[in-house]
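I opened my notebook to look up a few things in this structure. My entries follow below.

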Amino acid sequence: MSGVGPVEPGEDTHVRDVPQPRPRGPLALRYDRHRRTVLASAAALVVLSGGGYLYTSRPQPRPAPPPPYPSQAVDLVYVAPVTGSPSTRAAGYSFTVLLSVHSGPPVTVTRLTQPYDGLSVTTSPAAPFQTNSHSARKIVVTLRVTECEKAPRNPGLPFLDVTLRNVRAIEAHSFILGSRYAQDLSQALEVACSNDSR
């Protein structure tokens with residue numbers, strides 16, 4: 001084969017059809033004109049939605065533990081009897097206790113009572129009163145015999161009922177003040193009721 005002329009397909013070859021451009025609508029033409037803006041907006045939307053997902057699915061910090069119940073944060077300890085003039089002793093048996101708040105928020109004593117029908121209780125300071133955390137307060141408790149028949153003769157483990165309140169709860173709790181308190185209370189009741197029987 002010699003000569004110059006158009007190239008003709010050989011065996012097992014085919015002429016490839018070149019696709020003709022399709023007519024484009026107004027939306028496609030607008031996309032062609034604003035392609036960079038559309039792609040930048042789409043990329044920004046993907047980044048924002050990915051960031052929002054990561055932000056909402058991040059690990060949350062653990063909430064602070066709740067403050068302790070008031071009875072778990074307070075100690076009430078018998079200190080000693082209050083000594084004074086005979087007229088003071090005749091008015092009742094007075095003693096001091098130490099209320100300590102060792103943790104948590106301030107604790108308020110809303111009520112302080114005792115379980116015996118034959119005795120009445122007053123405190124100084126009068127309830128309600130508040131004690132701050134990591135501090136202590138001395139309380140003077142005065143027991144008066146109202147009826148000797150209902151007063152205990154030999155209390156084994158006498159206790160005080162104290163109603164405590166803090167931001168978490170209100171609790172009624174009984175505090176056993178120990179053997180020294182039991183002995184001092186027994187002696188005071190014996191003296192008060194022996195004077196009463198005369």
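I started with Tyr78. At a relative accessible area of 6%, Tyr78 is buried. I used these cut-offs: buried is under 20% relative accessible area, exposed is over 50%, and partly exposed is in between, with a 1.4 Å probe and protein chains only.

I noted the ground rules. This is a predicted model, where local features need pLDDT of at least 70, side-chain atom pairs count only at pLDDT 80 or more, and totals for chains, interfaces and linings use all residues. Residues are numbered from 1 along each chain as its sequence is written, and side-chain values use heavy atoms, with hydrogens and water left out.

**Rings**

I looked up ring pairs next. Rings of Phe, Tyr and Trp (its six-membered ring) pair if their centres lie within 6.5 Å; planes under 30 degrees apart are stacked, over 60 edge-to-face, and the rest tilted. I found four aromatic pairs by this rule. One of them is tilted: Tyr78 with Tyr181, 5.3 Å centre to centre and 55° between the planes. Tyr78 is in strand β1 (residues 74–81) and Tyr181 in helix α5 (residues 179–197), so this pair ties together parts 103 residues apart in sequence. I took helices (H or I, at least four residues) and strands (E, at least two) as DSSP runs, numbered from the N terminus.

Is Tyr181 buried or exposed? Tyr181 is buried, at 1% relative accessibility. Phe95 and Tyr181 also pair, with centres 4.9 Å apart and planes at 50°, so I logged the pair as tilted. Phe95 sits in strand β2 (residues 93–101) and Tyr181 in helix α5, so the pair ties together parts 86 residues apart in sequence. Phe95 is buried, at 0% relative accessibility. Ring pairs link Tyr78, Tyr93, Phe95 and Tyr181 into a cluster.

**Core**

I then turned to the nonpolar core. I counted buried Ala, Val, Leu, Ile, Met, Phe, Trp, Tyr and Cys residues joined through side-chain atoms within 4.5 Å. The largest such core has 25 residues, and Phe95 and Tyr181 are among those with the most contacts inside it. At least two core residues come from each of β1, β2, β3 (107–113), β6 (135–145), β7 (159–165) and α5. Which strand supplies the largest share of this core? It is β2, with five residues.

**Charges over rings**

Last, I checked charges over rings. The test is NZ of Lys or CZ of Arg within 6 Å of the ring centre and within 35 degrees of the ring normal. Arg58 lies over the face of Tyr55, 4.0 Å from the ring centre. The charged end of Arg168 sits over the ring of Tyr69, at 3.9 Å from its centre.
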